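Below is a short briefing on one protein structure.

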Amino acid sequence: MASLFSVSLFAKTIHIEKLSQVPEGVDSNSLYLLLQETAREHGLKLVEAADQAEEIFRVKVMKLGETYIVSAQKMKNDTILHSTKLKARQAEELDEVLSRVFRALNRNVAAKDDALISDLTEDEVTIGSRRKLSRDGATFGAGLSVMNNLGVEDIGWYFYFGKAWAAGPIYLGYRFNFGFDNIKSNMNPTDRNWAWFSDLSLSVSSYLSQSDTSPFIMGEFGYSLARHALLQSTSGGMLTAIGAGVGLFRTYDIHVQVGLRFSAIFQTVFSQTPYPLESHPKKQFNFS
């Protein structure tokens, strides 16, 4: 009970003005109730009297041609603290647009820069902003790799490419991974013995939030081949891999991931178990 009381006690008090103008065919009462519900979702305390509120939110909905424009202002003592606006291509998007505009006012950011995967508008998806909903895409990446139990001890290189299918915040796909490193001969520095580690695997990754920048986790299962630099022998077996990192620009055409991946062959080969650790940035290109 103490924690609930403290949240209510220190919540910011706001007053939402009645919508002064709405386009024909749009129910102003429904939009006003939506604004009130959104305010409560953000932990704000609503008051009826404007002079009792810390801040006043003023929202207008206009229609130009077939496009709805939602503009909003946050005010205090007749001073505009923050303002923002966003377009809706159709009336059915007004609930999502109003929610985004209100969220942007509360965070003091521009609504167009505060998109989540779940509330991109048709205008953003189709009109030159490069924002896209989650779709299928090709992936590729490169980075540094540390190979263990393959006769090399320094840092090598790692590359991969594959294909991903989007299912909300979860991506399913396949990947081909290849890492390599080498050691120099003490007798002849120009001679190099190469170690490499490659695998073909099925992968699943999941974002942990709907925001444009989100942490993610991933796992893979497949088959791997590895070459030991000192033994100059190749062997392989079933492989599993796990990874984690941060995804960037998720609402745009190109998604970028930065993270770490750990993979290992199930059984012992070369009397040891090879397992590389990779660090990489990844790009995903989405296709219509």
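Two strands count as paired if DSSP finds at least two bridges between them. Helices (H or I, at least four residues) and strands (E, at least two) are DSSP runs, numbered from the N terminus. The model is predicted: local features need pLDDT of at least 70, side-chain atom pairs count only at pLDDT 80 or more, and totals for chains, interfaces and linings use all residues. Residues are numbered from 1 along each chain as its sequence is written, and side-chain values use heavy atoms, leaving out hydrogens and water.

**Sheet**
- Strands β1 (residues 13-16) and β3 (residues 55-64) run parallel and are joined by three bridges.
- I16 stands opposite F57 of β3.
- The order β2-β1-β3-β4-β5 describes an open sheet of five strands with mixed pairing.
- Its edge strands, β2 (45-46) and β5 (79-88), each pair on one side only.

**Helix on the sheet**
- Helix α2 (residues 28-41) lies across β1, β2 and β3, at about 170 degrees to β1.
- The angle is taken between N-to-C directions, from 0 to 180 degrees, with axes as lines fitted to C-alpha atoms, for helices over the stretch in contact; contact means heavy atoms within 4.5 Å.

**Strand β9**
- L200 lies in strand β9.
- L200 counts as exposed because its relative accessibility is 52%, where exposed means over 50%, buried under 20% and partly exposed in between (1.4 Å probe, protein chains only).
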